[in-house]
Amino acid sequence: MTGEIPFITYTKYIKDLDDALIVSFAAWTPEEQKRLYLKTLNAKDKAYFADAVYKRDRILFRIENYSIDIANGEVCFTLPVGRVYAVLTEELIEALKETRRANVYVEAQISDVVKTKYGKTKIYIDDIVIKIADLDTDMAKELLNVYPPIDLICYSLGYTPANEIKALIIPRILPIFKPFNLGVHVIQFTPPESGKTSTIRLLSEYINGYHALSFPSRAKLIGDARFNSYGLCYKYDVIFVEEFDKIHGKRVDEFKEDYEALLTGLEQGVWQREKSSKSDITYSNPVSFFIAGNSENADLSEYGLTAFAEDNRRKIRSIIERLTGVNAEPFVDRFAYVEIITESVKVMQYLNYDENKKVRYLPPAISRGIFAILTDKLKRDKYKTERKRKDRHFNTIKNILKTLQIEIEDADIEKLVNGETTFLKLFTAEADKPEAGELTEAELDKMLEGDVS
């Protein structure tokens, strides 16, 4: 092993195409990116979908919600634009089983439009190509023998492993690891241009994660008894929620209605919706939540964010209460780590550019391999389960940091859990420490004034 990292670079030709999709599908040329973009649009934009149905065109979608009709030998996929049906084959069944551990994409062709005897329309797909996210654990092991895990994770996300970048990324990856086989939940409010969206999108591709631009509806989150389908909490290991600071209207009402179920799910990993006339949805999965918000959202100013003297937990609790009208204390208490960052960190300056000013990334298969090795190691290690929630939060973060080979004093970990400090403060303070034998600014000033010989 030479220690050389096999970086990849690419040029983005389609502005609105997700970088994560470009990397995952190795769409390096303009033609490949255009085809990829159109196929994804056909599955998520109503106008493009209608055109695809009319032309019997191809679509590409990631398997999220689905239901199986054993009697008719069909599977129904729920897409943003509606539902499509496919004949249930052995290959498709295996792919559906894989969705509990990895991201699975389906590329298919619209094949038929059938009107049922009840007057409804069913759209069928065939010529199905299944892509299951691959991982390279061999190369990942070799790299982990040479580089610290957190450095490799920074490279996976396109950044150099500077202290400021590590401090922003660590909270975003904490939910991926579950030392007690329970969800590890994090809330992070940061200013714009701190890399939240790009990081979350890539992480969702590297692990079995879901990226939501707003807090999901209760039917999507837990399940919908009308269609006998389980929700996101059944399939995914981590749900990344952005723009929580913009929650409003119907989503607030749904948040309130499912608040108790959400509290149970966050604490125990048991997800349940109220019994209906059709069926009861209940299942277990220790899914983690990462909730992100914009700390510079003008709407937050009325909450007196800058006037707070309390810790981060109280700030977050007050914000959520004013946004949703619920008693947010039991909600926030279930989160292992919460923070509000008001300092501006321009992450663009830390992008891992090559000599041609192209951002370098680890290949996705290697990145997935790194996360698989690290999460598996944490599962193998035996930890004492703490009954007290705060003690469990402390040991959770401590054990994850140990796995990432990050050394932080116990007293500082306790401050992180209590909301009394942030990773950014700890890491920038560490960077500002003088080297051995190096004078501090205060000592230098005294010397210049003649106070130190």
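**Exercise 1. Classify Phe25 by its accessibility: buried, exposed or partly exposed?**

Solution. The model is predicted. Step one: Phe25 has 24% relative accessibility. Step two: buried needs under 20%, and exposed needs over 50%. Phe25 therefore counts as partly exposed.

**Exercise 2. Decide whether Tyr105 is buried or exposed.**

Solution. Tyr105 has 8% relative accessibility. The cut-off for buried is under 20%. So Tyr105 counts as buried.

**Exercise 3. Work out how the rings of Phe25 and Tyr105 are arranged, and what the pair ties together.**

Solution. A search of the whole structure gives 22 aromatic pairs. One of them joins Phe25 and Tyr105. Step one: the centres are 5.1 Å apart, and the planes make 80 degrees. Step two: planes over 60 degrees apart count as edge-to-face. The pair is edge-to-face. Step three: place the residues. Phe25 is in the loop between α1 (19-24) and α2 (30-44), and Tyr105 is in strand β5 (residues 104-115), so the pair ties together parts 80 residues apart in sequence.

**Exercise 4. Find which charged end sits over the ring of Phe25.**

Solution. Look at Lys131. Its charged end sits over the Phe25 ring, 5.4 Å from the ring centre.

**Exercise 5. Classify the pair Phe215 and Phe244, then locate both residues.**

Solution. Step one: the ring centres are 5.9 Å apart and the planes stand at 70 degrees, so this pair is edge-to-face. Step two: Phe215 lies in the loop between β8 (209-212) and α9 (218-221). Phe244 lies in the loop between β11 (238-241) and α11 (249-257). The pair therefore ties together parts 29 residues apart in sequence. Step three: Phe215 is buried at 7% relative accessibility, and Phe244 is buried at 1%.

Key. Residues are numbered from 1 along each chain as its sequence is written. This is a predicted model: local features need pLDDT of at least 70, side-chain atom pairs count only at pLDDT 80 or more; totals for chains, interfaces and linings use all residues. Side-chain values use heavy atoms; hydrogens and water are left out. Rings of Phe, Tyr and Trp (its six-membered ring) pair if their centres lie within 6.5 Å; planes under 30 degrees apart count as stacked, over 60 as edge-to-face and the rest as tilted. Helices (H or I, at least four residues) and strands (E, at least two) are DSSP runs, numbered from the N terminus. Buried means under 20% relative accessible area, exposed over 50%, partly exposed in between (1.4 Å probe, protein chains only). A charge sits over a ring if NZ of Lys or CZ of Arg is within 6 Å of the ring centre and within 35 degrees of the ring normal.
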